[in-house]
Amino acid sequence: MTIATKRLSFAEYLAYSDGTDTRYELVNGELVEMGVGEGIHGAIAEFLNDVFRAEIKRLGRNWTSKQMVISVRSPRSGRWDTSRIPDVVVLLQDQWQAMRNREVVVELNDPVPLLVVEVVSESAKTTDYRSKQSEYAVRDIPEYWIVDPIVQTVTIFTLVEGLYDGAEFGGSDLIQSPTFSELQLTVDQVFNGE
């Protein structure tokens with residue numbers, strides 16, 4: 001749901017407060033309320049965050065995985081800013097540490113995350129499949145997952161020459177992730193939280 005206010009700059013967005021706990025993304029200068037979502041949405045995001053953290057530890061990588069706390073800025077048509085808060089973000093540990101004393105935002109000139117995940121809800125389906133896919137591709141994020149509990153699929157988009165190529169997985173399919181190439185995870189496990 002877009003909030004009817006004047007268009008905001010990114011600096012105004014960072015300073016914005018309506019006195020509630022409501023979280024907003026900034027889309028082309030407009031505040032867009034982030035819904036609470038169904039329980040399955042949070043359960044999937046939490047499960048994947050836990051899986052990624054365990055795999056990062058197993059592999060001994062200098063990465064981290066964060067659930068719904070990192071904003072990713074994107075350029076968008078027009079002169080207004082856009083900043084999304086993905087459900088899960090995997091990035092370099094050093095980059096996360098550098099955010100300790102500033103806003104938790106991947107700025108336009110920062111290194112991009114290694115991977116972002118969006119869990120689809122009915123109200124944001126078009127946004128996840130179209131808008132965010134375009135925005136993340138423009139940022140050159142190498143891997144984007146769309147986890148869709150509505151149709152029970154996981155689609156992995158891999159950046160190839162500035163555009164995403166998608167591979168869709170369902171049921172007992174083993175998810176093929178370039179970032180986590182040794183990951184042994186099926187789509188059923190994602191939706192069952194196993």
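Let me begin with Arg61, which counts as partly exposed because its relative accessibility is 38%, where buried means under 20% relative accessible area, exposed over 50% and partly exposed in between, with a 1.4 Å probe and protein chains only. What you see above is a predicted model, in which local features need pLDDT of at least 70 and side-chain atom pairs count only at pLDDT 80 or more, while totals for chains, interfaces and linings use all residues. Residues are numbered from 1 along each chain as its sequence is written, and side-chain values use heavy atoms, with hydrogens and water left out.

Arg61 sits in the loop between α2 and β3 (63-67); helices here are DSSP runs of H or I with at least four residues, strands are runs of E with at least two, and both are numbered from the N terminus. Leaving aside residues up to four places away in sequence, Arg61 touches Ile56 and Thr179, contact meaning heavy atoms within 4.5 Å. Its C-alpha atom is 8.7 Å from that of Leu92, a residue 31 places away along the chain.

Now to the hairpin. Strands β1 and β2 (residues 30-33) pair in the antiparallel sense over four bridges, and pairing requires that DSSP finds at least two bridges between two strands. Two residues lie between these strands, and Asn28 in the turn has a positive phi of about 55°, while Val27 stands opposite Glu30 in β2. Within β1 (residues 24-27), Tyr24 and Leu26 point one way and Glu25 and Val27 the other way, yet all are buried.

Finally, the interior. In soluble globular proteins, nonpolar side chains tend to be buried together. A nonpolar core is taken as a set of buried Ala, Val, Leu, Ile, Met, Phe, Trp, Tyr and Cys residues joined through side-chain atoms within 4.5 Å. The largest such core has 27 residues, and those with the most contacts inside it are Leu48, Phe52, Val117, Trp145 and Val147. Among the elements that give two or more residues to this core are α2 (39-59), β8 (115-119) and β9 (143-148), and α2 gives the most, with seven residues. Apart from this core lies another, of 16 residues, among them Ile70, Tyr136, Tyr144 and Ile146.
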